[in-house]
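Below is a short report on the disulfides, the sheet and the overall dimensions of one protein model. Please look at the sequence and the structure first.

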Amino acid sequence: MAILSALILAAIVTVAQAQSLTVVNSCTESVFLNTGTSYGTINNDVTVAAGQSANLGISSDWDGAINVGTGCNSDGSTCTTGGPTWDGVTPFSRAEFNFYATAGSVTYDISLIYGYNVGMEISSGDSSCDNFACTISSGCPVPGPGTDTCYSPCCSSASACSGGALPASGGGCTNNEGPGPNSAFYYDTCYNAYAFPDNDGSNGYTPADLVVYTCGNTDITLTLCSGTTSDYTD
């Protein structure tokens, strides 16, 4: 029994050690990572140089999001895209992760609700899990600052995002839940990324796309500027 207990403990330790969240910056410029946390802890306000990577030191129960800024100073108080408001006044790509809900698993998604500034791919140590990815290289309905950036699908113009993509008073996305004026471009371009808040079918909104995935492997990599776009269906 003692040997069995030791083996079980070793297996638990191995799983715990395997849990990680690494950001690989394949872009040609540095990026600034701003994190929003609902539960647990993570390294915040991290700059990752072009061609470099960073392990974000998540706790085993972290639940939150990584917002990507470009053209930022060292503390993110000024940025070309993303910061400092992180609400869609300038566009940014966002990846969301929940390591908290189910032990030994992670639920993840890519969100374009606040716009797009860099491509993203989420992958794990298990090749059987879906690698969600999104790259937009042309056709933005409302181009943002810099190169190949796009304002939120909730905004019909840049000025419509001046109060953020999802203002408390309500914006271009129906009830801050349903599709916005440019959501169709986003869900037709990046099939596995949120193009409006309830793009997963919540509250009966359509299309109800495959935009959330739960993987049984918690060794996660977020690659920026991967140059890929996934097309998984239910």
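## The C129-C215 disulfide

The torsion about the S-S bond of C129 and C215 is about 85°, so this disulfide is right-handed. The link joins distant parts of the chain: C129 sits in the loop between β8 (120-124) and β9, while C215 belongs to strand β11 (residues 213-215), and 86 residues separate the two. Their sulfur atoms are 2.1 Å apart, inside the criterion for a disulfide, which is a pair of cysteine sulfur atoms within 2.5 Å. C129 counts as buried at 5% relative accessibility, and C215 counts as buried at 0%. Buried here means under 20% relative accessible area, exposed means over 50%, and partly exposed lies in between (1.4 Å probe, protein chains only).

The model is predicted: local features need pLDDT of at least 70 and side-chain atom pairs count only at pLDDT 80 or more, whereas totals for chains, interfaces and linings use all residues. Residues are numbered from 1 along each chain as its sequence is written, and side-chain values use heavy atoms, with hydrogens and water left out.

## Other disulfides

A search of the whole structure finds seven disulfides. One of them joins C134 to C190, with an S to S distance of 2.1 Å. This link is right-handed, with 75° about the S-S bond. C134 lies in strand β9 and C190 in the loop between α2 (183-189) and β10 (193-194), so the pair ties together parts that are 56 residues apart in sequence. C134 is buried with a relative accessible area of 2%, and C190 is buried with 0%.

Another disulfide joins C140 to C150, with an S to S distance of 1.6 Å. C140 and C150 each lie in the loop between β9 and α2, so the pair ties together parts that are 10 residues apart in sequence. Both C140 and C150 are buried.

## Secondary structure and sheet

The protein chain contains two helices and 12 strands. Helices (H or I, at least four residues) and strands (E, at least two) are DSSP runs numbered from the N terminus. From the N terminus on, the order of elements is α-β-β-β-β-β-β-β-β-β-α-β-β-β.

Five strands form an open sheet with mixed pairing, in the order β4-β1-β12-β8-β9. Two strands pair if DSSP finds at least two bridges between them. At the edges stand β4 (53-55) and β9 (133-134), each with a single partner strand, so one side of each has no neighbour in the sheet. Strand β1 (residues 20-25) is joined to β4 by three bridges, and these two strands run antiparallel. In this pairing V23 stands opposite A54 in β4.

## Overall dimensions

Along the principal axes, the C-alpha atoms fill a box of roughly 65 × 40 × 30 Å.

Buried residues make up 46% of the 234 residues in the protein chain. Of the contacts (heavy atoms within 4.5 Å) with a separation of 6 or more, 62% are between residues 24 or more positions apart. The protein chain exposes about 10,100 Å², of which carbon and sulfur atoms supply 49%. Accessible areas come from the Shrake-Rupley method with a 1.4 Å probe; for residues, only the protein chains shown count as cover.
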